[in-house]
Amino acid sequence: MNREQIRTQVLEQLAAVAPDADVQHLAVDADVREALDLDSLDFLRFVGALHKATGVSIPEAEYRTVCTVSGCVDYLAGHASA
Amino acid sequence: MADFIMPSLGSDMEAGTLVKWRRAVGDRVARGDILAEVETDKGIIEVETFVSGVIDRFVVEPGAKVPVGTVLAIIHDEAGALISPVPRERAAPAALPRASPLTRRRARELGVELAEVAPSSPDGIVSVADVERAAEGKKAPTAETKPSPERRMRRAIAATLSRAKREIPHFYLRHTIDLHTATSWLERHNVSRAPEERVIAGALLVRAVARAARAVSELNAHMREVDGEWEAKPLDHVHVGVAISLRGGGLVAPAIHDADRLGCDDLMRALVDVTTRARAGTLRSSEMSDATITLTSLGERGVDEVVPVVFPPQVAMVGAGSVRTRPWVVDGSVVARPLVELTLAVDHRVTDGHRASRFLLEMEKLLVTAPEEP
């Protein structure tokens, strides 16, 4: 999975958690929890959906790293199997 | 024979609109089966039957708005069904499109059939925008005159809580609780688990509310008017209502049944389930009316404190502010600890501050001790 494919996955899963939001125009460095008004349950669903889609289980300690689109793409790109 | 009636899904609900039947005449139904969808100001709710039997006939047709208590259908017991056999031929109920209560209501207002709307979301959830796009070519005649779903839900919330503020003599107790043990337990519990199996602090709060309600039972009650007098009826079961904000605006507080008997993992699953269904518009009538005490929690990103309004006919509600790391004195030393401000709102007709304070102390006892069960 290349970075563009990962980015597509991240945006798709964000859109699933926040179906009313326009995720395509989300700033890559914006905290998605703030920008999309996600609570801790929403964010856990997002991380869970990424796990199912990519096979990468993001630990809680990395939540701060993956709370932006760019951080999330970086993390998944570094941990996803080829 | 039993009547299947328009239920009361909130203390201020006077009427509801039957949206559709989910079962057919002649169907055999069991207690807990969903028979109908009813539209209220708080969304479309799936209504369950509380008796088992066979549906003999429908009394009310979809689209009709009828008062609470109106007989919607007649259900015969098994013996009755044998005496009066009814046709069995029917189509299986169609799968419901996934949509929030607000979206479903908007679709009804605009005369749009949800099943015909193509969702723009990749997960197949139909949004209000999808419905409005689909309606553009239809020129729904009533769209201009009816208030929006958001407006109607806001009115319903205002009506219920205005009454609560007017009629319930509230008092409030506040307590700061150190969540160090709880958050440490969560870290250990979650570290080797997949995200789908993790537990959040909110589940521990629900657990603490449920068990404190069991221990301080006068706060696990419903207020009733008997012969012109108010009377608090203690309840046998603890069903914790959890306040859930809907993404399109508005708020619902469905119940997690028998929450005092559930371990952390089961509570977490129940919390995820009820939150997901609240936002998808598939809550059940029992979940809307059964709560015996309610928790509103601001989660991780809210403010320090929330002072709740008791939701009638309940007699108490707990507000949890956001968990924040602050200075705290432990064994004579100031240390950084994750703290939460809990505020308990109580109906003064039921009890007083001294008794009610036991509830928050019980919650503290539960939260400063690692859960024994997963």
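**Exercise 1. The contact between chains A and B**

Task: State how many residues each chain gives to the contact between chain A and chain B, and which helix of chain A gives the most.

Solution. Two residues are in contact if their C-beta atoms, placed from the backbone, lie within 7 Å. By that criterion, 18 residues of chain A and 22 residues of chain B take part. The elements come next: on the side of chain A that touches chain B, α1 and α3 (40-54) of chain A each supply at least two residues. Helices (H or I, at least four residues) and strands (E, at least two) are DSSP runs, numbered from the N terminus. The most comes from α3(A), with 6 residues. Last, the classes: this side of chain A has 9 nonpolar, 4 polar and 5 charged residues. Here Ala, Val, Leu, Ile, Met, Phe, Trp, Tyr, Cys and Pro count as nonpolar, Asp, Glu, Lys and Arg as charged, and the others, Gly among them, as polar.

The model is predicted: local features need pLDDT of at least 70, side-chain atom pairs count only at pLDDT 80 or more, and totals for chains, interfaces and linings use all residues. Residues are numbered from 1 along each chain as its sequence is written, and chains are lettered from A and ligands numbered from 1 in the order in which they are written.

**Exercise 2. Two helix pairs**

Solution. Axes are lines fitted to C-alpha atoms, for helices over the stretch in contact, and angles run from 0 to 180 degrees between N-to-C directions.

- Step 1. The axes of α1 (residues 3-17) and α4 (residues 69-79) of chain A come within 9 Å and cross at roughly 125°.
- Step 2. From α1(A), the residues R3(A), I6(A), R7(A) and V10(A) meet V69(A), C72(A), V73(A), L76(A) and A77(A) of α4(A). By class, this contact has 7 nonpolar, no polar and 2 charged residues.
- Step 3. In chain B, the axes of α6 (residues 201-215) and α7 (residues 264-280) come within 9 Å and cross at roughly 110°.
- Step 4. G202(B), A203(B), L204(B), V206(B) and R207(B) of α6(B) make the contact with C264(B), L267(B), M268(B) and L271(B) of α7(B). The classes are 7 nonpolar, 1 polar and 1 charged residues.

**Exercise 3. Chain B and its domains**

Task: Describe how domain 1 of chain B touches domain 3 of chain B.

Solution. Chain B has 9 helices and 19 strands. It is divided into domain 1 (2-83), domain 2 (101-146) and domain 3 (169-367), with bounds from an automatic or database domain assignment. The centres of domain 1 and domain 3 of chain B, taken over C-alpha atoms, are separated by 31 Å. In the contact, 13 residues of domain 1 meet 11 residues of domain 3. Strand β5 (residues 43-48) of chain B gives the largest share of the domain 1 side, 6 residues. That side has 6 nonpolar, 4 polar and 3 charged residues.

**Exercise 4. Backbone exceptions**

Task: Locate the cis peptide bond at P313(B) and the positive phi of D37(A) and of D331(B).

Solution. Most residues other than glycine have a negative phi, and most peptide bonds are trans.

- A cis peptide bond joins P312(B) and P313(B), with omega about 10°. P313(B) is in the loop between β16 (293-297) and β17 (316-320) of chain B.
- D37(A) has a phi near 55° and lies in the loop between α2 (32-35) and α3 of chain A. It is partly exposed, with 14 other C-beta atoms within 10 Å.
- D331(B) has a phi near 50° and lies in the loop between β18 (324-330) and β19 (333-347) of chain B. It is exposed, with 5 other C-beta atoms within 10 Å.

Conventions. Buried ≥ 20, exposed ≤ 12 C-beta atoms within 10 Å, placed from the backbone.
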